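Hi,

Here is the structure I promised to pass on. Have a look at it first, and then read my notes below.

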Amino acid sequence: MVVLVGQVPRSSAGREAFQELDLRAFFGQMAKWVGQAEDPARLPELLARAFAAAVSGRPGPVVLGLPEDVLAATVAVADAEPYQVVQPHPGAAAPARLRALLERARRPLLLAGGAGWTAAAVAGLRAFAEASELPVAASWRSQDVLDNRSPSYVGHVGLGIDPTLAERVRQADLLVALGPRLGEITTGGYTLLEVPRPRQTLVHVHPSAEELGRVYQADLAVHAGVVPFLAAAGSLAPFRDPPWRAWTREARQGWLDWSRPPAAAAAALDLAAVVAWLRERLPDDTVVANGAGNFTLWLHRFWRYTQAGTQLGPRGGAMGFGVPAAVAAKAAFPERVVLAVTGDGDFLMTGQELATAVQSALPVVVLLVNNSMYGTIRMHQERAYPGRVVGTDLVNPDFAALARAFGAHGEVVARTEELAPAFERALACGRPALVELRVGPESLRPPG
């Protein structure tokens with residue numbers, strides 16, 4: 001993301017002028033680079049740097065301030081060339097070392113995710129893993145890097161992790177982290193791997209050098225993007241009769257069992273059954289954008305991603321992500337079904353983007369889980385401070401009526417059997433639609 005921010009004229013800088021902001025101080029901890037154009041003749045240089053920084057290595061946001069008088073100036077200056085994406089290459093030694101480590105392994109596990117995945121990288125991961133029957137777990141909100149129907153896919157390492165999979169991460173004798181940061185969520189609060197030297201032999205492949213060794217000391221640290229690394233790994237000879245075959249098959253069966261909705265819930269509206277019905281009803285290329293909150297635990301556990309680029313979720317945990325992400329996805333892929341899954345508190349932060357969807361004729365479908373509370377915070381309150389719940393109850397609007405006020409289609413579903421006809425009407429209406437799922441306050445997380 002490249003963010004161009006208007007700034008006060010240079011003559012007013014430092015005076016706390018109207019709407020003046022110290023961009024470097026404000027965005028410094030959030031962005032890869034923050035700059036400001038003080039000379040209009042340098043705009044091609046600065047914009048070229050902004051785009052190159054945003055897309056190279058680990059992609060991320062860049063902020064460039066544009067003072068008002070700089071924007072109004074006229075200069076004669078040569079333009080820059082289009083930016084190029086720069087990804088470090090692993091060389092020949094790292095893939096060879098990886099194969100040597102695999103030769104000694106009996107319980108290997110690939111942990112795939114992070115940024116920079118392309119169609120070629122996704123195909124390369126599948127070919128590499130399936131050729132040697134290697135198990136692959138997806139890191140936090142990266143469940144679409146491997147078709148979940150692959151015999152190598154064994155689940156999601158993030159919030160709401162299958163306890164059996166968590167134990168497999170601990171028991172692995174070789175962990176190959178291909179692309180993700182080894183941050184708090186993917187490591188289960190830094191408990192799945194010991195700090196700073198894990199019990200598992202650790203291979204960490206990442207496109208940013210500063211990420212390697214940040215928390216964990218890897219036995220093999222590879223400064224490379226996933227695209228060039230998998231291209232190089234594809235030349236390695238596969239293992240035809242791997243000693244970990246049973247390990248992989250057990251892990252695969254464990255995920256199949258975990259992702260199967262349990263017997264009918266006592267609640268009138270069974271969110272597991274809702275997600276299971278949707279995954280059977282919608283096409284494989286459906287883009288699913290979710291916000292942040294406990295409602296996502298049902299989605300992460302029971303949805304099955306089969307194509308790359310179909311999962312959009314805030315890896316930093318930001319609420320309000322789902323609706324605007326879905327609107328953007330529908331603008332980029334108008335021929336595909338785009339589903340936003342959001343909570344009630346989550347929706348109230350950015351739900352006004354329904355107006356953008358209506359104005360731009362982008363028929364997204366919003367599935368809103370309404371339990372009349374900030375569910376994640378309530379869960380922590382009730383677990384840590386029973387009887388001291390405060391500030392998490394919500395007095396909500398009629399969300400279906402609110403959607404209709406925007407010019408969208410609106411429906412309310414209170415029972416599982418009401419979902420299918422309501423969703424079909426939403427999908428067929430030809431305009432943005434919102435289906436509100438009213439659940440009880442006990443719907444804080446899936447069972448098990």
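Before anything else, a word on "contact": when I say that residues meet or touch, I mean heavy atoms within 4.5 Å. Helices (H or I, at least four residues) and strands (E, at least two) are DSSP runs, numbered from the N terminus.

Please keep in mind that this is a predicted model, in which local features need pLDDT of at least 70 and side-chain atom pairs count only at pLDDT 80 or more, while totals for chains, interfaces and linings use all residues. Residues are numbered from 1 along each chain as its sequence is written, and side-chain values use heavy atoms, with hydrogens and water left out.

Let's start with H5 (residues 119-131) and H7 (residues 226-233): their axes come within 9 Å and cross at roughly 35°. (Axes are lines fitted to C-alpha atoms, for helices over the stretch in contact, and angles run from 0 to 180 degrees between N-to-C directions.) On the H5 side you'll find Ala121, Gly124, Leu125 and Phe128, and these meet Val226, Val227, Leu230 and Ala233 in H7. By class, that contact has 7 nonpolar residues, 1 polar and no charged ones. Here Ala, Val, Leu, Ile, Met, Phe, Trp, Tyr, Cys and Pro count as nonpolar, Asp, Glu, Lys and Arg as charged, and the others, Gly among them, as polar.

**The cores**

A nonpolar core is then a set of buried Ala, Val, Leu, Ile, Met, Phe, Trp, Tyr and Cys residues joined through side-chain atoms within 4.5 Å.

The largest such core has 54 residues, and the members that touch the most others are Leu102, Trp117, Leu125, Phe128, Leu178, Val203 and Phe229. What does leucine 102 contact, leaving aside its neighbours within four places in sequence? The partners are Pro108, Phe128, Leu134, Leu174, Phe239 and Trp244. There is also a second, separate core of 29 residues, including Val274, Val341, Val365 and Ala422.

**Aromatic pairs**

Searching the whole structure turns up 7 aromatic pairs. Rings of Phe, Tyr and Trp (its six-membered ring) pair if their centres lie within 6.5 Å; planes under 30 degrees apart count as stacked, over 60 as edge-to-face and the rest as tilted.

Why is the pair of phenylalanine 51 and tyrosine 83 stacked? Because the ring centres are 5.6 Å apart and the planes are at 10°. Phenylalanine 51 lies in helix H2 (residues 43-55) and tyrosine 83 in the loop between helix H3 (68-72) and helix H4 (93-104), so this pair ties together parts that are 32 residues apart in sequence. Phenylalanine 51 is partly exposed at 36% relative accessibility, and tyrosine 83 is partly exposed at 44%.

Another one to look at is tryptophan 277 with phenylalanine 423, an edge-to-face pair at 5.9 Å centre to centre and 80° between the planes. Tryptophan 277 sits in helix H9 (residues 271-281) and phenylalanine 423 in helix H16 (residues 419-428), so the pair links distant parts of the chain, 146 residues apart. Tryptophan 277 is partly exposed at 27%, whereas phenylalanine 423 is buried at 0%.

Alanine 137 belongs to strand E5 (residues 136-138) and is buried, with a relative accessible area of 0%.

Glycine 179 is in the loop between E7 and E8. Is glycine 179 buried or exposed? Glycine 179 is buried, at 3%. Beyond residues up to four places away in sequence, glycine 179 touches Gly113, Gly114, Ala115, Val205, His206 and Val226.

**Backbone details**

Serine 372, not a glycine either, has a positive phi of about 60°. Serine 372 lies in the loop between strand E13 (365-370) and helix H14 (375-384) and is partly exposed at 34%.

Cheers

Note on methods:
Buried < 20%, exposed > 50% of the residue type's maximum accessible area, 1.4 Å probe, protein only.
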